[in-house]
Amino acid sequence: MASQNPTSHVVEGLRLPRPFQVRRLGHFGINVASVAQSMDFYGRLLGFEISDELDFGPRVPEALKAQVGPSLGYFMRHGTDHHSFVLFPQAAMHASNPHYLAHPHLNLNQLTWQVSSLREVAHGLAWFESLDSRVLRSGRDTPGSNWHIYPVDPEGHINELYYGIEQIGWSGHSKPMAMHGIRYTQPPELPHRSEFAEVNQAMAQGVALTSGYRRDDRLAETFDVGGICLPRPFKITKVGPVRLLVRDVQAVLQFYTHALGLNLTEQADVLGHTCYFLRTNTEHHALAIYPEALRGPLGITHSRSLLGFGVHLGSYAQLRAAVSFMGQAGYQPVDMPASLSPGVGHHVWLQDPDGNAVQLYWEMEQIGWNGLPRPAAERRVWPHNPSDWPEHIDAQPDSFMGEVFLGPLN
Ligand SMILES: [Fe+2]
């Protein structure tokens with residue numbers, strides 16, 4: 001096999017086809033018409049927590065400032081990663097970043113993949129440059145302070161490969177602003193000092209470790225989630241998959257499989273069109289690629305390339321409670337064909353204030369050593385209408401497998 005599939009890169013002692021290995025979908029973000037409206041949906045209702053604010057106002061050209069409106073964006077998290085989801089103001093983003101001028105169909109802000117070392121990020125830059133892929137920038141930014149490169153897919157979607165995103169611990173404080181000066185515009189000389197050494201230096205300089213952002217919402221914690229009081233009857237435990245509508249399916253597929261190294265789990269028919277489901281790890285898919293031609297059959301009237309994305313909840317019981325909770329808040333499920341997401345168990349689709357399709361689910365098929373998905377005939381069958389979902393269902397062998405949520409629920 002090795003001779004048929006020559007490998008020319010070594011990552012931590014392993015020969016690989018490229019100088020990095022994507023481990024998971026780390027985060028993504030959307031640019032929205034009204035950050036305030038979207039915050040109500042994603043923050044107050046769904047429970048993403050703000051980890052830092054960023055004002056894009058200073059980046060907007062003076063002549064456009066009056067037109068763009070509010071310019072504040074939010075980094076948000078569901079666990080200890082500094083951000084798993086970002087909400088940025090669309091008008092300010094489009095006015096300040098020429099990339100959006102060339103790609104007005106983009107409301108996906110970024111699609112971000114975790115690798116496991118700074119060396120993989122640094123060598124990834126050379127890899128994408130060798131493929132003539134456009135890399136928008138590289139280095140290390142704050143907030144989040146992850147090392148990264150930003151390669152762009154053939155239809156303009158900004159991808160990010162990163163190592164070492166800031167972790168938010170027991171106190172709930174993000175890194176102090178005084179540490180945001182540690183920035184890089186290219187990968188550093190390797191090896192680089194550790195984050196512990198950076199924090200030691202900040203402490204020696206007198207930086208107050210609890211001076212960073214800490215969320216200040218005071219919602220009543222009236223629901224019991226696994227024995228913990230929370231402001232809503234469920235907890236987000238993972239983000240993704242992300243679902244894209246694209247013009248040139250084969251070119252996009254080539255980018256995500258060859259350049260980025262995602263694995264094709266399955267191709268499947270959706271309303272007569274072939275769609276592709278890609279994974280990074282054991283999840284059935286973290287990214288789905290659909291042809292533009294599906295817009296009409298799906299009834300999608302906007303021109304954006306983001307079909308939608310998933311938000312994983314902690315359990316089946318939480319998903320049922322979430323459907324009821326979101327319905328009472330005015331967000332009733334919208335109808336979408338189950339064939340859009342093979343391998344995903346019980347789920348509903350909601351429309352956020354911008355009309356993005358947000359899929360709430362809890363169970364995703366897990367793929368093992370041989371890379372084969374479960375035969376379609378052996379998949380769980382469930383009623384389309386959530387009001388027909390039973391209170392209890394049987395666990396499947398992979399119901400609790402895959403990425404595990406670490407730490408307390410809030
Ligand atoms: Fe990012």
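**Close-up views of a predicted model**

**View 1. Overall fold of the protein chain.** The model is predicted: local features need pLDDT of at least 70, side-chain atom pairs count only at pLDDT 80 or more, and totals for chains, interfaces and linings use all residues. Residue numbers start from 1 along each chain as its sequence is written. Along its principal axes the C-alpha trace spans about 60 × 60 × 45 Å. Contacts require C-beta atoms, placed from the backbone, within 7 Å. Of the contacts with a separation of 6 or more, 68% join residues 24 or more positions apart.

View 2. Buried residues make up 40% of the 410 residues. Buried means 20 or more other C-beta atoms within 10 Å of the residue's own; exposed means 12 or fewer; partly exposed lies in between, with C-beta atoms placed from the backbone. A nonpolar core is a set of buried Ala, Val, Leu, Ile, Met, Phe, Trp, Tyr and Cys residues joined through C-beta atoms within 7 Å. The largest such core has 82 residues, and Met76, Leu87, Ile289 and Leu319 have the most contacts inside it. Strand 13 (residues 236-246) gives the most to this core, with 6 residues. Beyond its neighbours within four places in sequence, Ile289 touches Leu244, Val246, Val249, Val252, Leu253, Cys275 and Tyr276.

View 3. The order of its 7 strands is 14-15-16-13-17-19-18, and the pairing is mixed. Strand 14 (263-270) and strand 18 are the edge strands, each pairing on one side only. Pairing takes at least two DSSP bridges between two strands. Neighbouring strands are turned by 20° against each other on average, direction ignored. Axes are lines fitted to C-alpha atoms, for helices over the stretch in contact, and angles run from 0 to 180 degrees between N-to-C directions. Strand 17 (residues 306-313) and strand 19 pair in the parallel sense over 5 bridges. Phe309 has Val358 of strand 19 as its bridge partner. Helix 7 (residues 249-259) packs on the sheet and touches strand 13, strand 14, strand 15 (273-279) and strand 16 (287-291). The direction of helix 7 makes about 165° with that of strand 16.

**View 4. Two cis peptide bonds.** The bond from Thr142 to Pro143 is cis, with omega near -5°. Pro143 sits in the loop between strand 8 (135-140) and strand 9 (147-151). Leu190 and Pro191 are also joined by a cis peptide bond, with omega about -5°. Pro191 sits in the loop between strand 10 (159-163) and helix 6 (195-204).

**View 5. Loop residues with positive phi.** Glu12, not a glycine, has phi near 50°. Its loop runs between strand 1 (9-11) and strand 2 (14-16). Glu12 is exposed, because 10 other C-beta atoms lie within 10 Å. Leu271 has a positive phi of about 50°, and lies in the loop between strand 14 and strand 15. Leu271 has 14 C-beta neighbours inside 10 Å, so this residue counts as partly exposed.

How values were computed: Helices (H or I, at least four residues) and strands (E, at least two) are DSSP runs, numbered from the N terminus. Two residues are in contact if their C-beta atoms, placed from the backbone, lie within 7 Å.
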